[in-house]
Amino acid sequence: MSRSSAPVATRPAARTRPRAGIGADAARPDGVPKVRGEFAFSSDLWMDGMLWGRTLRSPHVSARIVAVDPSPALAIPGVRAVVTAADVPGRPTYGLEEPDQPVFASEVVRYHGEPIAAVAADHPETARAGVRAIEVVYEPLEPVVDAERALRAPPLHPDGNLFRHLVIRHGDLDATGDVVVEGTYEVGMQDQAFMGPESGLAVPADDGGVDLYVATQWLHVDRDQIAASLGLPAERVRLHLAGVGGAFGGREDVSLQIHLCLLALGTGRPVKMVYSRDESFFGHVHRHPAKMWFRHHATRGGDLVKVEARIVLDGGAYLSSSNAVISNAACFAPGPYKVPNALIDAYAVRTNNPPCGAMRGFGSVQVCYGHEAQMDKLAAALGMDPVELRLHNALERFDRLVTGQVLTGTVPVRECIRAAMAHPLPPAPSLLDPPMARPGGAGLSADHADVRRGVGIAVSLKNVGYSEGFDDYATARVRLEAGVGGEPVATVVAATAEVGQGFVTIAQQIVREELGVADVLLAPAGTTDIGSAGSSSASRQTWMSGGAIQLACVAIRRQLIARAAASWGCSHASVEWDAGEAVHEGTGERRGLAALLADGAVEAEHEHHHRPTVPLDADGQGDAHLSVMVAAHRAVVDVDPGLGLVKVVQVTTGQDVGHALNPTQVTGQIEGGIAQGVGLAVMEEIVLDEGRVKNPSFTDYLVPTTLDMPAVAATFVEEPEPDAPYGAKGVGEPPVISSGPAVLAAIRDATGLALTRAPVRPEDIALAGQST
Amino acid sequence: MTSRETARSRSGPEDASHAPGYEVAGGYELHVNGTTRTVEEAWLGESLLYVLRERLGLSGAKNACEQGECGSCSVLLDDVVVCACCVLAVDAIGSHIETIEGLTRREAAADVQAALLSAGGVQCGFCTPGFVVAVYDLLRRRPDAGELEVREALSGNLCRCTGYGRILEAVRMVQEERSRVAL
């Protein structure tokens with residue numbers, strides 16, 4: 001791992017630097033229990049008298065429900081309750097942006113796997129038997145599974161089939177270039193495939209409410225949706241974060257939360273539900289499949305003149321976060337380049353396919369496959385080197401996006417490209433390579449003589465945090481007190497979902513940095529004791545919850561300075577804070593935390609809002625985004641064109657991180673994100689047949705293994721972001737965006753094929769040019 | 001009397017572990033982590049993973065796919081790594097079962113666990129116990145395994161967070177440290 005910039009600060013004196021503060025490779029506080037198998041994930045919960053829940057899901061893609069009869073299920077010994085739409089006391093629907101999704105389908109089903117009922121029973125097998133026994137009479141309907149067709153089809157839902165149509169008109173729409181390239185591109189449906197399946201435990205409470213222990217990304221918004229459907233005031237629905245086994249966007253929407261609470265309230269007993277892997281594929285939203293057309297205009301010298309695009313995202317049966325995803329797709333459709341003129345026509349559409357919503361990269365991923373293929377095509381048409389063309393057109397600070405927004409933060413596009421390209425290339429494929437290292441891997445199927453090497457580059461741009469005028473904020477409270485033996489102890493209270501990303505580590509590092517206290521405890525995250533932290537998504541929690549914690553610490557320091565000033569009988573202004581101690585500017589006298597806390601604990605809460613953004617206007621113009629993140633990736637692949645097999649050999653990257661607060665964790669985000677990017681490029685896709693999911697398992701939906709994963713070399717490009725706490729941008733999403741497009745570019749380089757669709761399947765290479 | 005009726009007659013309303021019939025009369029014994037544990041009134045169809053997690057309180061082995069594809073539920077069955085989801089618990093009668101809890105208690109994989117932490121190989125942690133079992137098993141069989149062999153040996157354990165880079169780094173660290181100590 002290398003870092004492109006020298007460390008910013010000179011090395012401070014030992015005592016002024018709290019151990020494991022900002023910039024340190026601090027250890028995860030949850031690490032030890034995780035390696036010992038003692039960390040309690042949401043599927044590990046257990047309670048006396050607990051029942052098991054299970055969901056009945058539609059076997060049809062589109063159907064009218066004629067009748068639902070739960071009585072045969074209730075006749076099974078051990079089945080304790082069946083709930084259907086008729087048992088939802090409050091709002092019958094839920095949804096992140098608009099409540100358009102039924103808690104249980106009652107009149108029609110709109111996608112394969114839509115929930116119809118849920119069962120609680122003494123044993124998971126009994127619950128499964130109960131689900132099988134429920135009698136549902138369906139009248140199958142012709143599904144609409146093509147987004148273009150859905151735009152013209154009769155409404156599949158009272159809200160219609162068009163979620164959002166967004167047009168960006170920027171500059172001179174009649175402008176044309178000397179050189180014009182166009183192409184159509186397609187991206188398949190990717191699954192988050194987090195390891196820990198959806199699970200939770202709902203416990204009925206004495207006040208008629210419910211306590212839900214659940215793995216989620218945003219406790220408060222889950223809470224609000226659950227309370228609305230239960231018909232309960234929000235304070236009687238108490239959410240507690242249970243251990244989260246990964247998320248990647250797939251836990252942003254409600255899945256089993258409302259069903260579980262209905263079963264617990266209906267039976268008066270604790271109910272646990274754990275999705276099986278196949279149910280998990282049906283239980284959460286996926287990455288939107290995309291169909292895109294692009295036309296790029298440039299001068300003969302290689303200046304981009306205009307980008308035109310038409311983007312259609314298939315949102316599936318319900319809205320979820322489609323409106324925000326299509327906004328990102330439209331805003332970042334040109335990629336990280338100076339584009340003076342643009343016409344982007346973007347649609348998010350309802351179909352009878354599985355609902356799509358948040359997944360890491362959120363709209364930027366799909367368009368990156370398009371804009372980067374176009375840049376390569378343009379480079380070829382111009383006779384220019386593809387890297388040179390990108391450097392030539394790279395966005396810089398104070399340039400404009402096609403939304404007209406001036407980028408006031410850091411935009412190190414060139415630095416990221418150069419950093420990705422600076423890493424040494426791997427050795428050329430050799431006859432002496434172990435056969436397992438060739439395309440086909442453990443299948444030992446490729447012959448060295450057939451292997452072709454290719455190299456590709458791709459670059460990406462994405463927003464941090466929520467956009468378009470959303471009041472994005474996070475709340476945190478910090479308490480500082482004398483612990484056992486008088487040693488100061490800080491406690492952080494925040495509803496921030498730790499999903500694996502390492503926010504818990506960053507939270508401790510911030511408090512150590514700000515207060516000079518070694519011992520930092522993290523209270524369990526929940527809705528009962530603190531306001532919303534917002535979602536663990538959009539690469540936003542370091543900035544948002546991190547900012548809230550930092551500012552709460554600043555408020556605590558102010559109180560400690562006031563205490564010191566009072567004890568010295570001086571003004572606050574003459575007290576400074578240095579290395580965890582108050583210092584009298586006049587006398588040089590110092591007071592440490594232990595003395596300052598003798599008068600009792602100090603506590604402060606902060607609600608951190610980022611700089612306001614505005615909605616896009618009718619022409620798609622406006623300062624809609626807080627900040628942007630850049631990443632560049634170079635991929636090296638070996639391909640056996642005859643067999644259609646690809647081995648991704650190496651991915652190198654330069655990533656704009658602002659400031660790496662914990663370099664080891666940043667590396668982990670980069671490597672993990674690249675794995676998901678490589679997965680989408682060559683293997684991961686939910687295969688649909690007329691809306692029916694064909695591969696809901698890890699046998700058939702392929703997640704990269706250790707043998708699929710290339711060598712990774714990363715450079716952090718550290719240009720501190722002016723608005724962000726410690727200058728740190730988000731790091732979670734950029735690695736997943738352009739890594740896949742770089743792999744596609746490399747396969748094109750190796751094969752000479754156009755390859756306009758991700759993932760690239762073996763037949764796309766081996767059977768290219770053959771009529772099918 | 002059918003088994004289902006047997007089950008019904010035995011179950012009280014508060015008995016959450018009530019099995020759906022076809023249980024082993026009188027229960028059965030499993031040898032887990034060096035001790036003998038009795039499994040009462042369990043349905044014959046329960047996997048070893050379910051029995052470990054839900055009946056014996058050993059939730060270290062995880063339930064990510066329950067079809068032997070992800071390795072999250074890796075345990076040692078008579079010293080061989082298996083996916084506990086694909087073994088019927090009653091088929092493990094008479095065998096010695098060792099789980100992540102057992103390895104941890106006898107500190108058999110302490111250096112693997114420490115290396116995973118210091119290398120940054122743990123994010124959400126759901127796959128971690130399975131990786132600890134798999135790396136423990138690999139390095140006692142093949143202490144000097146080269147990178148490709150390590151990758152092949154661990155290819156049955158899926159991780160969705162790390163991209164494996166820090167996990168593979170942890171394996172290298174353990175190999176280096178063990179060979180240093182052995183010198």
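Here is a walk through the domains and a sheet of chain A, and then a helix pair in chain B. Keep in mind that this is a predicted model.

Let's start with the layout of chain A. Where the two touch, 16 residues of domain 1 of chain A meet 13 residues of domain 2 of chain A. On the domain 1 side of that contact you'll find six nonpolar, nine polar and one charged residues.

Now for the sheet. Chain A has an open sheet of seven strands, and if you read across it the order is E4-E8-E2-E15-E12-E13-E14, with mixed pairing. At the edges sit strand E4 (79-84) and strand E14 (237-241) of chain A, each of which pairs on one side only. Going from one strand to the next, the twist averages 25°.

In general, strands of a sheet pair through backbone hydrogen bonds, and they can do so in parallel or antiparallel fashion. Here, strand E13 (residues 210-214) of chain A runs parallel to E14(A), and the two are joined by five bridges. Within this pairing, Asp211(A) sits opposite Arg238(A) of E14(A). A helix packs on the sheet here too: helix H5 (residues 219-230) of chain A touches E13 and E14 of chain A, and its direction makes about 150° with that of E14(A).

Over by E4, another helix comes into the picture. Helix H3 (residues 124-133) of chain A lies across strand E2 (51-57), E4 and strand E8 (115-121) of chain A, at about 30° to E2(A).

For helix H4 (residues 110-119) and helix H5 (residues 128-141) of chain B, the axes come within 9 Å and cross at roughly 130°. H4(B) and H5(B) are therefore oblique to each other, and H4(B) passes H5(B) in a right-handed crossing.

Which residues make the contact? H4(B) brings Val112(B), Gln113(B) and Leu116(B), while H5(B) brings Thr128(B), Val132(B), Val135(B) and Tyr136(B). Sorted by class, the residues of this H4(B)-H5(B) contact are five nonpolar, two polar and no charged.

Definitions and conventions:
Residues are numbered from 1 along each chain as its sequence is written. Chains are lettered from A and ligands numbered from 1 in the order in which they are written. This is a predicted model: local features need pLDDT of at least 70, side-chain atom pairs count only at pLDDT 80 or more; totals for chains, interfaces and linings use all residues. Two strands pair if DSSP finds at least two bridges between them. Helices (H or I, at least four residues) and strands (E, at least two) are DSSP runs, numbered from the N terminus. Axes are lines fitted to C-alpha atoms, for helices over the stretch in contact, and angles run from 0 to 180 degrees between N-to-C directions. Two residues are in contact if their C-beta atoms, placed from the backbone, lie within 7 Å. Angles under 35 degrees count as roughly parallel, over 145 as roughly antiparallel, 65 to 115 as roughly perpendicular and the rest as oblique. A crossing is left-handed if the near helix is turned anticlockwise from the far one by less than a right angle, and right-handed if clockwise. Ala, Val, Leu, Ile, Met, Phe, Trp, Tyr, Cys and Pro count as nonpolar, Asp, Glu, Lys and Arg as charged, and the others, Gly among them, as polar.
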